[in-house]
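Biologist: I have a model open and I would like to go through it slowly with you. Could you take my questions one at a time?

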Amino acid sequence: MEEAQGKRIIEAILFVLSQPVALKRLQEVLEALDAATIRRLIQTLNDEYLTSGRAFCIQEVAGGYQLVTHQQLAPWIRRTLQTHKPDAVSTAALETLAIIAYRQPITKAEIEAIRGVDVTASLETLVERRFVRAAGRKDSPGRPFLYGTTTEFLRHFGLKSIEALPPMAQPAIPEPDESAVAAPAD
Amino acid sequence: MRYDVDTDVYEGPLPLLVELSKQRLIDVFLIKLVDLTQQYLLRIKAAGVDINTLSEPLPLLGTLLALKARGLLPEPPRIAEDDEVPISLEELERRLKEYEQFKTVAQLLSELHALQHQHFTRPATELSPEEPQTAASDVPCEVSLTDLMGAFSKVLSKVTAPVYEVREEPWTVEMKVQELRVLLAVKRQLNFLELFTIEQSPLELVVTFLALLELMRQRVARAIQERPFAEIVIASLEQGKES
C-alpha cells in the first residue's frame with residue numbers, strides 16, 4: 001500500500017471514530033503497514049496539521065489516537081455546544097483518585113490510611129464517573145476490593161498510559177501545547 | 001481550598017483543629033459546634049452554591065461532632081492487645097509528607113483534567129443520543145442546580161400540611177427514585193411542578209426533590225427549559241442508555 005493512501009485512511013478512521021483508536025486496531029485495518037510506519041504517518045499528519053494551522057490534531061491518549069480540536073478553540077466550541085465547564089472533580093475525590101492512580105491496586109482501607117478520612121463517598125463518585133473500578137480482591141482477611149484506574153480516567157486526564165502520570169517526587173506539569181500534539185514514543 | 005474557623009480556643013484552618021482534637025491536644029469540649037455551624041452557614045450564604053467548596057468542610061465538622069459525641073459516652077474497657085501503637089514522630093511526619101505529596105499530585109490531576117477538557121472530539125454517535133444539533137435559538141437550555149433549588153423553595157413555601165412528629169420514614173429516596181424512573185419511562189417528560197402537590201408533607205417533598213437530583217446525577221433525567229423563564233421540564237435521558 002502506498003504510504004500516502006495509508007495516511008489518508010488513518011485520517012479517515014480517526015475522523016469517524018470519536019474514541020481513541022489503538023495502534024493495534026489501525027494495524028489490523030491497514031494490514032500492509034507495520035506499527036512503526038503507522039506511527040510515523042500519524043506524526044506526519046500531525047506535522048501537516050500544525051504547519052497548515054488546522055483546527056485539530058491527533059492526540060495520543062488512553063492507549064490510542066484520537067482527533068481532537070485545538071485547545072485555543074475551546075471557547076467557541078463551548079459556545080456552540082452550549083456547554084459550560086466540564087463537571088469538575090472535587091478536591092476530596094481528586095485526592096482519592098491520585099492515591100489510587102499511583103498506588104493501584106489498592107484497597108479502600110489503604111486509601112483511608114493515607115487520607116486519614118473515610119473515602120466511601122469520593123470512591124463512589126469516582127466509580128460512578130468510571131475513573132476507577134474494582135479491579136480484583138486482595139488476598140487478606142475479608143478479601144477487600146482492590147481499586148484501579150480505567151481507560152476512561154486516562155481519556156479524561158489526557159494521559160497516554162498510566163506510566164505517563166507526572167512523577168510523584170517532583171511533579172511537573174507538561175507543557176500544555178506540547179501535550180496537545182501527539183508525539184508517539186518510539 | 002483553605003477553610004478557617006474562629007473559636008474561643010482556636011483560630012486557624014479547620015483540618016488542623018480536627019487533627020489536634022483527634023490527638024487530644026485540644027479539648028473538643030471547649031469548642032462550640034454552634035459557632036462553627038453558624039460560621040459555616042454564613043459562608044454558604046455569602047458564597048452561593050458551589051457544591052465542591054461547600055462540601056469540603058462537612059466531613060471535618062462531622063468528625064468534630066463524632067469526637068464530641070464519643071467523648072460523652074463512657075469509655076469502653078480497654079483491651080490491651082488492640083491498643084493502637086503510639087505513632088512515633090518520624091512516622092507521623094512520614095505520613096504527613098506522603099499525604100502532602102498526594103495533595104500536590106491531586107492538584108496536578110485537576111489541571112490535567114481541565115486541560116484535557118479544552119479538547120473536543122466528535123460526539124460519540126451511537127453512545128450519546130443526547131443533544132441533537134438544532135439551531136441554537138430553540139435548543140432547550142440546561143437548568144442549573146441553583147435554579148432548581150430556587151424552584152423547589154417556592155414549592156416548599158406553599159406547603160400547607162402541618163409538620164407532624166416523625167415516626168418512621170414513610171418515603172425513602174430509593175423509593176422515590178424508583179417511582180420517578182417509572183413515571184419518566186412512561187411519560188418521557190413532565191413538568192417540574194407536577195412532581196409536587198401541596199398536600200404532600202414537607203418531608204415527602206424533600207425526598208422527592210432529592211430523588212430528582214439523584215436521577216439527574218445518574219444522568220437518567222435532566223432538567224431543561226424551552227426558553228428563559230419557561231416552566232422547568234424534567235426529561236428522560238433513559239433511551240439508548242440501556243443498550
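Biologist: How many helices and strands does chain B have?

Modeller: Chain B has eight helices and six strands, where helices (H or I, at least four residues) and strands (E, at least two) are DSSP runs numbered from the N terminus. Please keep in mind that this is a predicted model, in which local features need pLDDT of at least 70 and side-chain atom pairs count only at pLDDT 80 or more, while totals for chains, interfaces and linings use all residues. Residues are numbered from 1 along each chain as its sequence is written, and chains are lettered from A and ligands numbered from 1 in the order in which they are written.

Biologist: And what share of chain B is buried?

Modeller: Of its 243 residues, 17% count as buried; a residue is buried if 20 or more other C-beta atoms lie within 10 Å of its own, exposed if 12 or fewer, and partly exposed in between, with C-beta atoms placed from the backbone.

Biologist: Now the two chains together: how many residues of chain A are in contact with chain B?

Modeller: There are 35 residues of chain A in contact with 31 residues of chain B, and two residues are in contact if their C-beta atoms, placed from the backbone, lie within 7 Å. The largest share of the chain A side, eight residues, comes from helix 5 of chain A.

Biologist: Is that helix mostly buried or exposed?

Modeller: In helix 5 of chain A, 10 of the 13 residues are buried, so the helix is largely enclosed by the rest of the structure. What covers its buried residues includes helix 6 (108–115) and strand 3 (132–137) of chain A, and also helix 5 (89–116) of chain B.

Biologist: At what angle do the two helices 5 pack?

Modeller: Helix 5 of chain A and helix 5 of chain B pack at an angle of about 105 degrees, with their axes 8 Å apart; axes are lines fitted to C-alpha atoms, for helices over the stretch in contact, and angles run from 0 to 180 degrees between N-to-C directions. The two helices are therefore roughly perpendicular to each other, a label used for angles of 65 to 115 degrees. Among the residues making this contact are A:L94 and A:Y102 of chain A, and B:F102 and B:L109 of chain B.

Note on methods: Angles under 35 degrees count as roughly parallel, over 145 as roughly antiparallel, 65 to 115 as roughly perpendicular and the rest as oblique.
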